[in-house]
Amino acid sequence: MEPSLRGFLLVLLLLPLAALADLTGRWQGDDGGVYYLRQKGEELYWYGEQKVTEPRWANVFRGRIRGERINGVWLDVPKGQTLGEGNLSLVIRNTGQVLERTHETGGFGPTRWTRVGALPEPAQAAPVMPLKPMPSQVVMPAPVLQEDCIAFNPANITVTQANNRWKIAEGSHWLFDFEGRQDEARQALRVLRHYGMNQTCYVGRPQPALTYMLANGAVPAGSLRGEDCVAFNNANLAVVQAGGRWKIADGGHWLFDFEDKRDEAEQALALLRKYGFTHSCYVGRPQPSFTYLRR
């Protein structure tokens with residue numbers, strides 16, 4: 001075989017490996033969790049958690065990378081409330097920007113991870129200092145949205161009764177309480193399954209002024225026959241103060257009340273704009289037992 005041909009074939013064999021980026025960085029799972037990955041050669045490690053304080057679950061992983069495949073073991077750590085463990089296999093997609101689960105044991109929940117944190121920039125031997133901008137050129141960074149979401153598996157949720165109260169539960173963990181209103185619990189279950197919702201998100205717990213649902217991190221969209229929704233113009237939303245209380249209003253019609261918590265109102269407005277919600281929906285008005293937002 002000619003030397004030039006051998007060299008060409010060698011390049012073709014090495015190309016897929018070269019195209020894969022280092023996986024070290026911060027990743028977002030489709031379970032709402034954040035995962036911190038560290039790659040060292042062919043070894044991959046991570047720490048993942050549902051949220052920073054009092055998470056429902058937290059886990060670690062150790063695996064070996066073979067081409068685009070990763071095989072390893074995971075186990076929960078006692079920062080969370082669960083203690084599971086098992087095997088986990090992944091495949092690297094999109095030149096190292098996406099990971100997808102191909103096999104698991106032990107009930108490991110998430111199926112897809114997306115890189116959200118870039119690698120640190122390498123140190124520069126002789127950095128070039130930029131010119132100091134004039135005040136009119138200074139651009140203030142956008143505020144970082146810290147979302148407070150809890151993931152659940154919509155395939156496992158059911159309507160159940162406990163202590164004469166109707167609830168939607170995932171196994172022994174109840175998600176929504178409908179008191180004595182069984183019909184409203186069943187309607188809410190219908191909504192959750194129709195839109196594929198699997199995350200409940202809050203602004204201002206333990207008594208949130210705004211609750212919204214997501215489906216794998218995306219906005220519920222479309223419509224459901226018989227649902228009770230009020231449309232609003234997302235482009236017109238603004239934080240206003242009325243009677244000493246901070247509200248989000250669409251023109252002269254206020255939608256959400258945050259009492260004296262202006263910071264929560266501003267956070268909620270940023271989230272409403274981020275997802276582009278256009279409908280506020282209810283189960284059981286005038287005192288709804290379940291609310292959700294959609295496009």
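Q: Thanks! Is Gly196 buried, partly exposed or exposed?
A: Keep in mind that this is a predicted model. Gly196 counts as partly exposed, because its relative accessibility is 28%, which falls between the 20% limit for buried and the 50% limit for exposed.

Q: Where is Gly196 placed?
A: Gly196 is in the loop that links α2 (182-195) and β13 (199-203).

Q: And how far apart are Gly196 and Met213?
A: In sequence, 17 residues separate Gly196 and Met213, and in space their C-alpha atoms are 9.8 Å apart.

Q: New topic: how many residues are in the largest nonpolar core?
A: That core has 23 residues. Leu210, Tyr212, Ile248, Phe256, Phe277 and Leu293 have the most contacts inside it.

Q: Which element gives the most to this core?
A: That is α3, with 6 residues.

Q: What does Leu293 touch?
A: Leaving out residues up to four places away in sequence, Leu293 touches several residues, including Leu210, Tyr212, Phe256 and Phe277.
A: Another core, of 21 residues, lies apart from the largest one, and among its residues are Val159, Val191, Tyr195 and Met197.

Q: Let's switch to Ser89. Where is Ser89, and in which strand?
A: Ser89 is in strand β6, residues 85-93.

Q: Is Ser89 buried or exposed?
A: Ser89 is buried, because its relative accessible area is 14%, under the 20% limit.

Q: What does the side chain of Ser89 make a polar contact with?
A: Its partner is the side chain of Asn71, at 2.6 Å. Ser89 also touches other residues, among them Ile70, Glu100 and His103.

Conventions
Residues numbered from 1 in each chain as written. Predicted model: local features only at pLDDT ≥ 70, side-chain atom pairs only at ≥ 80, totals over all residues. Heavy atoms only, no water. Helix = DSSP H or I, 4+ residues; strand = E, 2+ residues; numbered from the N terminus. Buried < 20%, exposed > 50% of the residue type's maximum accessible area, 1.4 Å probe, protein only. Core = buried A, V, L, I, M, F, W, Y, C linked by side-chain atoms within 4.5 Å. Contact = heavy atoms within 4.5 Å. Polar contact = N/O pair within 3.5 Å; in protein donor to acceptor, adjacent residues only side chain to side chain.
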